[in-house]
Amino acid sequence: MHLKDTTTGDIMKSLSKLLHEVGGASGLALNLVALTTEDEREEVEKAASFAAQEHPYRLIMAIPRDLDATEPRIDAEVTVGERLGSAEAIILRLDGPAASHLTSIVLPMLASDIPVVTWWLLDPVRYGLEQELRSFADRRITYSARAADPVQSLYRRAESYAAGDTDICWTRISLWRSLIASAFDGVTHAVEKIVIKANDDDPSAQLMAAWLKTRLGVAPEIVDTEVERNSEHLPAIASVAFTMAGGETMEVERQADGTTVLLQAGLPKRRQTLQGRTLGQLLAEELRHIDPDTAYRKVLDTFQEQYAAERASA
Amino acid sequence: MGETLHSINPLRDPADRRLPRIPEPCALVIFGVTGDLAKKKLIPAVYDLANRGLLPASFVIVGFARRDWGDETFEEMAREAAKSHARTPWREEVWARLAGSFKFVPGTFDDDEAFDRLDATVDELRETHGIVGNAAFYFSIPPLAFPTVLKQLKRTGMSDNRQDGGGWRRVVVEKPFGEDRPSAAELNKLVDDVFTANDVFRIDHYLGKETVQNIFALRFANAMFEPIWNSNYVDHVQITMAEDVGIGSRAGFYDDNGAARDVLQNHVLQLLAIAAMEQPNGFEAEEIRTEKLKVLRAIKLHDDLEATAIRGQYADGWVQGRPVQGYLSEENIPQTSTTETYAAVQLGIQNRRWNGVPFYLRTGKRLPKRVTEIAVVFKEAPHMPFADYDTKTLGHNQLVIRVQPDEGITVKFGSKVPGTGMELRDISMGFGYGETFTESSPEAYERLILDVLLGDKTLFPDAQEVDASWAVVDPLEEFWAGTKPEPYESGTWGPTGADLMLQSSGRRWRRA
């Protein structure tokens, strides 16, 4: 259902009409507010409809359109169970001052008393939306790799961290971390040295280093390497190598096609596959826990210290 | 459990919930790997686990069966099986990672040499795959063969947990766990002796279902259900496990056992235990088992079994628009068979919570549809300030846990019909367990195989529970011995005796 130059009241009436037609309300788990641009709309819709299979939600997608317009204007599209899968979806296109007063538009549209997750897939600084929606969201998801200066953007997020923040750059290293952690099951020696071959300006590589420093107490050295990736949502990490106190070594190395080799002294080579996940899969992982990710918090703190120290010395 | 291990791994932080628990490098040895269970459930589940990144870097499947196969033939068969039955999308690269991890050992169960070869094969994995002794043995074989295979595992020493350099040995057995209390005790003793009791995993795949685990959440994580979950408010409980299919190709096994031994003894009583148990002190396997066992041991059959233990056998009829033949006309079933394909029974639970609350259990084949549910039926409101004719159609409040299909919960309660009068009617409010979500919800076998490899016994009934369940079923079998089950038309909800059982107390079966 398309609504031109409309109001939140009319949008909600349309939604409840559509819900009534399909037989009443369904069990919603959360509200997902996605901030995106028209260029990325399809990508966001695809991801959102995938994640909705796991987390039934009301999706409110806000797309700033004509920012220079003097009059605020809202155009909306309301769908239930169509191209957005099982989600109840409201897609908003906002002109002029409407975009910068997003909170006032979104608040009345939220399904009552269930968690709110906001997801920025646009550069919040560029659109002046960094503070918008922060006050009532339980979780805030950003994707710093999409910003103009990714690592700098992650640092900004670390400085202004609030409980409930996460970044897809953290989500996308879960499989890597899980592989490394399982390689450590049964390792008894302490780690002395860690070398990460990765793209230096990938926030995921920085978070990987910060995670290892947090857990192992050893600051990894990042060797800036051009990493070939066969999926955008992969971290730009080629390998992570450990040297133990006993002199033993262990290395996890990913090749461009996804074949990942675990080399551990005294054991045969072991192979696994490590592929990039889709944005929808990453989003679904992110939505699994609605309380603040305290493990991420610690890692982000380590990153922030490290980054600040490096900047000071440079 | 793996707790000690995880505590020494500095990368594992309990607060870091994104890191999945992944088993140590290990082998899964499947006996009877050419059977339906292995093809349709076990191998696809392994693929799905690999696809979800939940398998260790070193993982090998060793197949044992009476086929003249090499590793490649086995791998090809496994690939076909995974491709046609996996839940998650097929991805060649996931399979590629499993490729080379398939070993096949041909042989029969009484062939000593074959088991020596199997032992050697598992040992070699140390060198070739860095698997230092960890192995789970999956018995996907007829129970008759259990003793032979167990003896072989004992003879070769394969069942011993490896003391040097670590390594666990576990065994996974499927139902039936015996056919009565004494035979189950014998089997339990045998398997617990060859392995240690702690290393025996008895699969009841119902416990691997998300909805069954959700009963714990529903009951113990919420404030609004538990206060009314007792005889003060509950009138009775109905547990239904209905199938629309017949016995299929299981004639031999089925005719020897029947519905009570096949389904009631395990799945249905496990559902009852979880629905009726007290709150466990914690969520450790042992704590849950303690409570389940208490409930199972508190079960008491009704004194009048004639009226409260009903058997049926399906006759010709129509199921879902197709004519089907009766049980006695099925292939390989003797004309004179008195095996039941339907059983309904009324039980009581002798504790304070459930005193006087009847539990009605029923299971059957060739019923109108496939459905498993637990329905808690509440007492009527003590007083209703409405005219009788206004509340005429009002029934008891119900809370129904739909285990399968359409996993979820339904609550039924009275509501005013729109209009000028004060007419009331029952409405039902549904919660779909994630609506379309069943697609991404893991299969029971995925969960259970992973738990075996992790050594987590929470979802596996132990020998005492099996024993307590047989203690319920044995007297029923004894009572039924020498009698003929009541025929019921295929495609109906079972024999009339079952309806009378409830009618005598003014109740009726829920139409599931």
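1. In this predicted model, helix H7 (residues 181-194) and helix H14 (residues 463-480) of chain B pack with axes 9 Å apart, at an angle of about 170 degrees. Axes are lines fitted to C-alpha atoms, for helices over the stretch in contact, and angles run from 0 to 180 degrees between N-to-C directions. Helices are DSSP runs (H or I, at least four residues; strands are E, at least two), numbered from the N terminus. H7(B) and H14(B) are therefore roughly antiparallel (angles over 145 degrees).

2. From H7(B), the residues in contact (C-beta atoms, placed from the backbone, within 7 Å) include B:Arg181, B:Asn188 and B:Asp192, and their counterparts in H14(B) include B:Val466, B:Trp470 and B:Asp474. By class, this contact has six nonpolar, one polar and four charged residues. Ala, Val, Leu, Ile, Met, Phe, Trp, Tyr, Cys and Pro count as nonpolar, Asp, Glu, Lys and Arg as charged, and the others, Gly among them, as polar.

3. Between the chains, the contact takes 32 residues from chain A and 33 from chain B. On the side of chain A, H7(A) gives the most, with nine residues. That side divides into 11 nonpolar, 14 polar and seven charged residues.

4. Chain A is divided into domain 1 (2-137) and domain 2 (168-314), with bounds from an automatic or database domain assignment. Their centres, taken over C-alpha atoms, are 34 Å apart. The contact takes 10 residues from domain 1 and eight from domain 2.

5. Residues are numbered from 1 along each chain as its sequence is written, and chains are lettered from A and ligands numbered from 1 in the order in which they are written. Local features need pLDDT of at least 70 and side-chain atom pairs count only at pLDDT 80 or more, while totals for chains, interfaces and linings use all residues.

Definitions and conventions
Contact = placed C-beta atoms within 7 Å. Parallel < 35°, antiparallel > 145°, perpendicular 65-115°, else oblique.
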